[in-house]
Amino acid sequence: MNLRWISAVALLCLLAACAAANRESYAPSRGDGAVAAEAAASARPAPTAPRLGVAAAPRAPTQSGRAVANAAAERRVHYEGTIKLRATQPQRVLEQASDWVREAGGYVESLTAQRVILQIPAARFRPLYDRLLGLGEVLDKSLSARDVTEEFLDVELRLAQAKATRDRLLALVQKTDDRKEKLRLLREVERLSTEIELLETQMARLRSLIEYSRLTLNVEGRKAFEGHPARELRGFDWINALAAD
(Lines give C-alpha, C1' and ligand atoms only; values in the text may rest on other atoms or scores of the structure.)
Protein backbone atom coordinates (compact mmCIF):
# COMPACT_ATOMS: atom_id res chain seq x y z
CA MET A 1 0.00 0.00 0.00
CA ASN A 2 2.76 2.37 0.81
CA LEU A 3 4.67 1.40 -2.33
CA ARG A 4 1.70 2.24 -4.55
CA TRP A 5 1.28 5.66 -2.87
CA ILE A 6 4.94 6.49 -3.32
CA SER A 7 4.81 5.47 -7.00
CA ALA A 8 1.75 7.62 -7.62
CA VAL A 9 3.36 10.65 -6.02
CA ALA A 10 6.53 10.17 -8.07
CA LEU A 11 4.49 9.90 -11.27
CA LEU A 12 2.59 13.09 -10.48
CA CYS A 13 5.85 14.97 -9.83
CA LEU A 14 7.28 13.76 -13.12
CA LEU A 15 4.20 14.91 -15.05
CA ALA A 16 4.32 18.31 -13.39
CA ALA A 17 7.96 18.75 -14.32
CA CYS A 18 7.29 17.91 -17.98
CA ALA A 19 4.42 20.39 -18.19
CA ALA A 20 6.60 23.20 -16.85
CA ALA A 21 9.35 22.40 -19.34
CA ASN A 22 6.85 22.53 -22.23
CA ARG A 23 5.57 25.95 -21.17
CA GLU A 24 9.13 27.37 -21.15
CA SER A 25 9.91 25.94 -24.59
CA TYR A 26 6.89 27.79 -26.10
CA ALA A 27 7.83 31.26 -24.64
CA PRO A 28 8.72 33.73 -27.54
CA SER A 29 12.42 34.64 -27.69
CA ARG A 30 13.73 38.19 -28.40
CA GLY A 31 15.63 38.27 -31.66
CA ASP A 32 18.70 40.32 -32.54
CA GLY A 33 16.58 42.94 -34.36
CA ALA A 34 14.54 43.75 -31.28
CA VAL A 35 17.63 44.01 -29.14
CA ALA A 36 19.31 46.38 -31.66
CA ALA A 37 16.18 48.53 -31.89
CA GLU A 38 16.00 48.84 -28.14
CA ALA A 39 19.70 49.80 -27.96
CA ALA A 40 19.26 52.45 -30.65
CA ALA A 41 16.22 53.87 -28.86
CA SER A 42 18.11 54.12 -25.60
CA ALA A 43 21.10 55.79 -27.31
CA ARG A 44 18.96 58.39 -29.11
CA PRO A 45 18.81 61.70 -27.19
CA ALA A 46 15.48 62.55 -25.76
CA PRO A 47 13.62 65.28 -27.72
CA THR A 48 13.75 68.65 -26.04
CA ALA A 49 10.50 70.40 -25.39
CA PRO A 50 9.99 73.59 -27.43
CA ARG A 51 10.44 76.83 -25.56
CA LEU A 52 7.10 78.59 -25.57
CA GLY A 53 7.03 82.27 -26.48
CA VAL A 54 10.60 82.37 -27.85
CA ALA A 55 10.95 82.89 -31.60
CA ALA A 56 13.97 81.69 -33.51
CA ALA A 57 16.60 84.40 -33.81
CA PRO A 58 16.87 85.80 -37.37
CA ARG A 59 20.08 85.13 -39.21
CA ALA A 60 22.42 88.10 -39.08
CA PRO A 61 23.08 89.64 -42.51
CA THR A 62 26.45 88.91 -43.99
CA GLN A 63 28.99 91.65 -44.67
CA SER A 64 28.37 91.49 -48.42
CA GLY A 65 24.61 91.71 -47.84
CA ARG A 66 25.04 94.82 -45.69
CA ALA A 67 27.27 96.41 -48.31
CA VAL A 68 24.67 95.84 -51.04
CA ALA A 69 21.91 97.24 -48.82
CA ASN A 70 23.96 100.31 -47.94
CA ALA A 71 24.88 100.90 -51.58
CA ALA A 72 21.22 100.67 -52.59
CA ALA A 73 20.12 103.06 -49.83
CA GLU A 74 22.87 105.65 -50.36
CA ARG A 75 22.01 108.39 -52.83
CA ARG A 76 24.68 110.60 -54.35
CA VAL A 77 23.38 114.14 -54.66
CA HIS A 78 25.05 117.36 -55.78
CA TYR A 79 23.66 120.60 -54.31
CA GLU A 80 23.96 124.02 -55.91
CA GLY A 81 22.80 127.38 -54.62
CA THR A 82 22.81 131.06 -55.52
CA ILE A 83 22.52 134.12 -53.31
CA LYS A 84 22.17 137.74 -54.37
CA LEU A 85 22.80 140.40 -51.72
CA ARG A 86 22.95 144.16 -51.49
CA ALA A 87 25.60 145.53 -49.13
CA THR A 88 27.45 148.76 -48.45
CA GLN A 89 30.87 147.11 -48.94
CA PRO A 90 30.54 144.27 -51.48
CA GLN A 91 34.24 143.46 -51.53
CA ARG A 92 34.30 143.01 -47.78
CA VAL A 93 31.26 140.71 -47.93
CA LEU A 94 32.92 138.58 -50.61
CA GLU A 95 36.09 138.30 -48.57
CA GLN A 96 34.16 137.34 -45.44
CA ALA A 97 32.27 134.64 -47.35
CA SER A 98 35.52 133.27 -48.79
CA ASP A 99 37.11 133.11 -45.33
CA TRP A 100 34.16 131.19 -43.88
CA VAL A 101 34.26 128.66 -46.71
CA ARG A 102 38.01 128.08 -46.34
CA GLU A 103 37.56 127.55 -42.60
CA ALA A 104 34.93 124.90 -43.40
CA GLY A 105 37.33 123.01 -45.68
CA GLY A 106 36.13 124.45 -48.99
CA TYR A 107 37.80 126.67 -51.55
CA VAL A 108 37.17 129.61 -53.87
CA GLU A 109 36.56 128.62 -57.49
CA SER A 110 36.55 132.17 -58.86
CA LEU A 111 36.34 135.73 -57.57
CA THR A 112 35.44 139.07 -59.17
CA ALA A 113 34.53 142.52 -57.82
CA GLN A 114 30.89 141.56 -57.26
CA ARG A 115 30.75 137.77 -57.43
CA VAL A 116 32.43 134.76 -55.86
CA ILE A 117 31.89 131.08 -56.72
CA LEU A 118 32.49 128.83 -53.74
CA GLN A 119 32.99 125.08 -53.40
CA ILE A 120 31.70 123.98 -49.99
CA PRO A 121 31.92 120.49 -48.41
CA ALA A 122 28.49 118.90 -48.78
CA ALA A 123 28.12 118.30 -45.04
CA ARG A 124 28.72 122.01 -44.29
CA PHE A 125 26.78 123.47 -47.20
CA ARG A 126 23.41 124.24 -45.62
CA PRO A 127 24.74 125.84 -42.39
CA LEU A 128 27.07 128.09 -44.42
CA TYR A 129 24.31 128.91 -46.89
CA ASP A 130 22.08 130.16 -44.06
CA ARG A 131 24.98 132.05 -42.49
CA LEU A 132 25.85 133.88 -45.71
CA LEU A 133 22.30 135.18 -45.98
CA GLY A 134 23.05 137.42 -43.00
CA LEU A 135 25.85 139.33 -44.75
CA GLY A 136 23.51 141.76 -46.47
CA GLU A 137 20.06 142.50 -47.78
CA VAL A 138 18.79 139.39 -49.56
CA LEU A 139 17.58 140.22 -53.06
CA ASP A 140 17.32 136.65 -54.38
CA LYS A 141 18.25 133.09 -53.42
CA SER A 142 17.79 129.57 -54.76
CA LEU A 143 18.72 125.96 -54.02
CA SER A 144 18.77 122.95 -56.34
CA ALA A 145 19.72 119.28 -56.01
CA ARG A 146 20.92 116.91 -58.73
CA ASP A 147 20.87 113.14 -58.13
CA VAL A 148 23.94 111.62 -59.82
CA THR A 149 23.57 108.13 -58.30
CA GLU A 150 22.78 106.29 -61.54
CA GLU A 151 25.51 108.05 -63.48
CA PHE A 152 28.03 107.33 -60.72
CA LEU A 153 27.17 103.61 -60.53
CA ASP A 154 27.26 103.27 -64.33
CA VAL A 155 30.72 104.82 -64.63
CA GLU A 156 31.96 102.81 -61.65
CA LEU A 157 30.80 99.52 -63.22
CA ARG A 158 32.23 100.33 -66.65
CA LEU A 159 35.56 101.29 -65.09
CA ALA A 160 35.79 98.03 -63.13
CA GLN A 161 34.94 95.96 -66.21
CA ALA A 162 37.47 97.78 -68.38
CA LYS A 163 40.25 97.25 -65.83
CA ALA A 164 39.41 93.56 -65.43
CA THR A 165 39.41 93.05 -69.22
CA ARG A 166 42.73 94.84 -69.59
CA ASP A 167 44.29 92.65 -66.90
CA ARG A 168 43.11 89.49 -68.69
CA LEU A 169 44.51 90.72 -72.00
CA LEU A 170 47.87 91.54 -70.44
CA ALA A 171 47.99 88.01 -69.04
CA LEU A 172 47.30 86.62 -72.52
CA VAL A 173 50.07 88.77 -74.00
CA GLN A 174 52.53 87.13 -71.62
CA LYS A 175 51.39 83.64 -72.60
CA THR A 176 51.13 83.86 -76.38
CA ASP A 177 54.10 83.34 -78.71
CA ASP A 178 52.26 84.35 -81.86
CA ARG A 179 53.57 87.77 -82.96
CA LYS A 180 50.39 88.84 -84.78
CA GLU A 181 48.18 87.78 -81.89
CA LYS A 182 50.39 89.62 -79.44
CA LEU A 183 50.17 92.83 -81.50
CA ARG A 184 46.40 92.51 -81.72
CA LEU A 185 46.16 92.07 -77.96
CA LEU A 186 48.44 95.05 -77.33
CA ARG A 187 46.29 97.28 -79.55
CA GLU A 188 43.23 96.24 -77.56
CA VAL A 189 45.09 96.93 -74.30
CA GLU A 190 45.96 100.41 -75.57
CA ARG A 191 42.31 101.09 -76.47
CA LEU A 192 41.16 99.96 -73.05
CA SER A 193 43.81 102.09 -71.34
CA THR A 194 42.48 105.19 -73.13
CA GLU A 195 38.92 104.28 -72.14
CA ILE A 196 40.00 103.76 -68.53
CA GLU A 197 41.61 107.21 -68.41
CA LEU A 198 38.39 108.83 -69.63
CA LEU A 199 36.28 106.88 -67.14
CA GLU A 200 38.61 107.82 -64.29
CA THR A 201 38.25 111.48 -65.27
CA GLN A 202 34.46 111.13 -65.20
CA MET A 203 34.64 109.37 -61.85
CA ALA A 204 36.80 112.14 -60.37
CA ARG A 205 34.33 114.78 -61.61
CA LEU A 206 31.37 112.91 -60.11
CA ARG A 207 33.14 112.44 -56.80
CA SER A 208 33.87 116.17 -56.72
CA LEU A 209 30.20 116.92 -57.37
CA ILE A 210 29.19 114.62 -54.53
CA GLU A 211 31.75 115.82 -52.00
CA TYR A 212 31.40 119.55 -52.73
CA SER A 213 28.37 121.76 -53.23
CA ARG A 214 28.61 124.88 -55.39
CA LEU A 215 27.46 128.30 -54.28
CA THR A 216 27.44 131.48 -56.35
CA LEU A 217 27.32 134.67 -54.28
CA ASN A 218 26.56 137.98 -56.01
CA VAL A 219 26.80 141.23 -54.06
CA GLU A 220 25.78 144.60 -55.45
CA GLY A 221 26.83 147.88 -53.88
CA ARG A 222 24.75 150.30 -51.87
CA LYS A 223 25.68 153.76 -50.59
CA ALA A 224 25.92 154.11 -46.83
CA PHE A 225 22.90 156.43 -46.55
CA GLU A 226 21.31 155.94 -49.93
CA GLY A 227 17.86 157.51 -50.02
CA HIS A 228 17.98 158.97 -46.49
CA PRO A 229 19.44 162.50 -47.08
CA ALA A 230 16.49 163.61 -49.24
CA ARG A 231 14.01 162.59 -46.55
CA GLU A 232 16.06 164.21 -43.79
CA LEU A 233 16.35 167.63 -45.59
CA ARG A 234 12.77 167.71 -46.71
CA GLY A 235 11.65 169.38 -43.45
CA PHE A 236 14.06 172.28 -44.01
CA ASP A 237 12.65 173.44 -47.33
CA TRP A 238 11.46 176.68 -45.69
CA ILE A 239 15.15 177.69 -45.19
CA ASN A 240 15.76 177.41 -48.89
CA ALA A 241 12.67 179.50 -49.47
CA LEU A 242 14.00 182.25 -47.21
CA ALA A 243 17.35 182.22 -48.97
CA ALA A 244 15.58 182.69 -52.27
CA ASP A 245 13.80 185.79 -50.96
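The conversation below takes the labels one at a time.

Modeller: This is a predicted model, in which local features need pLDDT of at least 70 and side-chain atom pairs count only at pLDDT 80 or more, while totals for chains, interfaces and linings use all residues. Residues are numbered from 1 along each chain as its sequence is written, and side-chain values use heavy atoms, with hydrogens and water left out.

Colleague: Why are β2 and β4 called edge strands?

Modeller: The sheet is open, with its five strands in the order β2-β3-β5-β1-β4 and mixed pairing. β2 (107-111) and β4 (137-147) are its edge strands, as each pairs on one side only. From one strand to the next the twist averages 15°.

Colleague: How do you know that helix α4 packs on this sheet?

Modeller: Contact means heavy atoms within 4.5 Å, and α4 (residues 90-103) touches β1, β2, β3 (115-121) and β5. Its direction makes about 15° with that of β3, where axes are lines fitted to C-alpha atoms, for helices over the stretch in contact, and angles run from 0 to 180 degrees between N-to-C directions.

Colleague: Why is Phe125 called buried, and why is Gly134 called exposed?

Modeller: Buried means under 20% relative accessible area, exposed means over 50%, and partly exposed lies in between, with a 1.4 Å probe and protein chains only. Phe125 has 4% and is therefore buried, and Tyr129, at 3%, also counts as buried. Gly134, by contrast, has 64% and is therefore exposed; this glycine is found in the loop between α5 and β4.

Colleague: What makes a group of residues a nonpolar core?

Modeller: Such a core is a set of buried Ala, Val, Leu, Ile, Met, Phe, Trp, Tyr and Cys residues joined through side-chain atoms within 4.5 Å. The largest one has 21 residues, and Ile83, Leu118, Leu132, Leu215 and Leu217 are those with the most contacts inside it. Its largest share, five residues, comes from α4.

Colleague: Why is the pair of Tyr107 and Tyr212 called edge-to-face, whereas that of Phe125 and Tyr129 is called tilted?

Modeller: Rings of Phe, Tyr and Trp (its six-membered ring) pair if their centres lie within 6.5 Å; planes under 30 degrees apart count as stacked, over 60 as edge-to-face and the rest as tilted. Tyr107 and Tyr212 are 5.6 Å apart centre to centre, with 65° between the planes, so this pair is edge-to-face. Phe125 and Tyr129 give 5.9 Å and 40°, so that pair is tilted. Tyr107 lies in β2 and Tyr212 in β5, so their pair ties together parts 105 residues apart in sequence, whereas Phe125 and Tyr129 both lie in helix α5, four residues apart.

Conventions:
Two strands pair if DSSP finds at least two bridges between them. Helices (H or I, at least four residues) and strands (E, at least two) are DSSP runs, numbered from the N terminus.
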